[in-house]
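Hi,

Here is the structure I said I would pass on.

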Amino acid sequence: SGGPAGAVETRRGEGAMVVAGLSRLRDLARPLTGGTPCGSGGRARLAAARLRGGREEEGAGRARHASYFAFCGGRSDGNLGSMADVDHDPPNAPHVPVLAREVLQSFEGCNLRVFVDATLGAAGHATKILRRHPEVELYVGIDADPDALSLARQKLQPEFGPKIELVHGNFRQYESLVSAALRSRGLSGGVDGVLADLGVSSMQIDRDERGFSFMREGPLDMRMDPSSPVSAFEVVNSYSEQELGRILREYGEERLWRRIARAVVEERAAGPIETTTALSGLIERCTRSARRGGKRRRGGAKAIHPATRAFQAVRIEVNGELEAIDSALPSMIGSLNPGGRIGIISFHSLEDRRVKRTFLRHSGRAGDGDDRVSKLERYTGIRAEDDAELGGAAGPTLRLLRRKPFVATEEEAERNARSRSAKYRFAEKTG
């Protein structure tokens, strides 16, 4: 078969296979097009058939989505794309809650007799949860910021009055704060739901005098609780160059941590750094040459401000945010009644990593963690904490209802810029 005759015979065989294939396609097309796939009106009928097929596939996808939410107690229609069931906050609201729809759906179907909001803020999530769950008998709202508590009281008291118990404190003391709130109402036992919205609120960022924003002129403060003894001023002006480098490296995952720490120490030798704009301006100047011509962010988005990571690092140090998460998460899980649910919203990788690892450990799946190299290790060679350093669980006490976190839809990200970096994880207590 290696000669010309063999080659001709091979081509004839291939041609016959092609003809047979085309004939088979015509036979398959006839039931959809009345036997005239390319005749008068055939193309239109074929397009209509394809559209019906696409709709059937879309319907099957929705059914799969609905089955997931039926499993986790969510809406039976599986409609994640619409915000119609969540009342929109006015544009001038002091704090617009992120991922509100996802939070409500994660607690759908639960009997929330006692609920704890560990980071109450301006009560954005609280208002929506209380309206969706009229069965709530006690809603404990905890916040370190007295101004936030005052605003929340004004918002919640007229509509929900006796159900509300507001507590001033940091959620790192979760166990003692919640126990005291339950005792004050003559209640005992656990709680049916816990929610924590980590990080700083837009309400705090927008107030110049709180000193959280590098875009606004204000004192170097950054304290979520104004009564706390240490402010950003003390951190920036009294920490050694080595200590500053450590928090920039570990809490900000800032690759230029050495340069920034050195510049801060040199600058304050001539006088204290007192304002947010003085610090952000210094960081911008000392890193300009290293950042010039740097890569744009994924999708072509504009690069973040040079002071973003440094301000995050200082804020985390001032408020002990990561230590609070490590301390509170096991207590939150332990306080849940069987079938109760916990939901945590985080805004950067250091927070989300802790939430993810804690949930995995308490579900008996500690080995399923993400082994990718973190930014901290990539830039500094220093490995982040092992699971053992963050505490472990004796046995499975949580059921993960969704492995991947929820993130903001394009619609929400457009309306609320703060939601773009938010991740929401939730789980259910077993037993």
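Let me start inside. In this predicted model, Met332 touches Ala118, Phe171, Tyr174, Val194, Ala196, Ile342 and Ile344, leaving aside residues up to four places away in sequence. Met332 belongs to the largest nonpolar core, which has 65 residues; together with Ile342, Ile344 and Phe359, it touches the most other members. Helix 13 (residues 321–335) gives this core its largest share, seven residues. There is also another core lying apart from that one, with 29 residues, including Val98, Ala152, Leu195 and Phe406.

For the overall picture, the chain has 16 helices and eight strands. Of its 431 residues, 45% count as buried. If you take contacts between residues at least 6 apart in sequence, 73% of them join residues at least 24 apart.

Strand 1 (residues 114–117) and strand 2 (residues 138–143) run parallel and are joined by four bridges. Within that pairing, Asp117 sits opposite Gly141 of strand 2. To get from strand 1 to strand 2 the chain passes through helix 4 (residues 124–132), and this β-α-β crossover is right-handed. Helix 4 itself is mostly covered, with seven of its nine residues buried: Gly124, His125, Ala126, Thr127, Lys128, Ile129 and Leu130. You'll notice that His125 and Lys128 are on that buried list.

On its other pairing, strand 2 runs parallel to strand 3 (residues 164–168), with five bridges between them. Ile142 has Val167 as its bridge partner in strand 3. Here the chain goes from strand 2 through helix 5 (residues 146–160) to strand 3, and this β-α-β crossover is right-handed too.

Which way do the residues of strand 2 point? Leu138, Val140 and Ile142 face one way, while Tyr139, Gly141 and Asp143 face the other.

Strand 4 is largely enclosed by the rest of the structure, because seven of its seven residues are buried. Strand 4 then pairs with strand 5 (residues 336–346), again in the parallel sense, over six bridges.

Helix 9 (residues 241–250) and helix 12 (residues 308–319) pack at an angle of about 105 degrees, their axes 8 Å apart. That makes the two helices roughly perpendicular to each other. Arg246, Ile247 and Leu248 of helix 9 meet Ala310, Ala313, Val314 and Glu317 of helix 12.

Finally, Ser240 is in the loop between helix 8 (232–238) and helix 9. Ser240 and Val264 are 24 residues apart in sequence and 9.8 Å apart in space, C-alpha to C-alpha.

Cheers

How values were computed:
Residues are numbered from 1 along each chain as its sequence is written. This is a predicted model: local features need pLDDT of at least 70, side-chain atom pairs count only at pLDDT 80 or more; totals for chains, interfaces and linings use all residues. Side-chain values use heavy atoms; hydrogens and water are left out. Buried means under 20% relative accessible area, exposed over 50%, partly exposed in between (1.4 Å probe, protein chains only). Two strands pair if DSSP finds at least two bridges between them. A crossover is right-handed if, with the strands pointing away from the viewer, the path from the first strand over the helix to the second runs clockwise. A nonpolar core is a set of buried Ala, Val, Leu, Ile, Met, Phe, Trp, Tyr and Cys residues joined through side-chain atoms within 4.5 Å. Contact means heavy atoms within 4.5 Å. Axes are lines fitted to C-alpha atoms, for helices over the stretch in contact, and angles run from 0 to 180 degrees between N-to-C directions. Angles under 35 degrees count as roughly parallel, over 145 as roughly antiparallel, 65 to 115 as roughly perpendicular and the rest as oblique.
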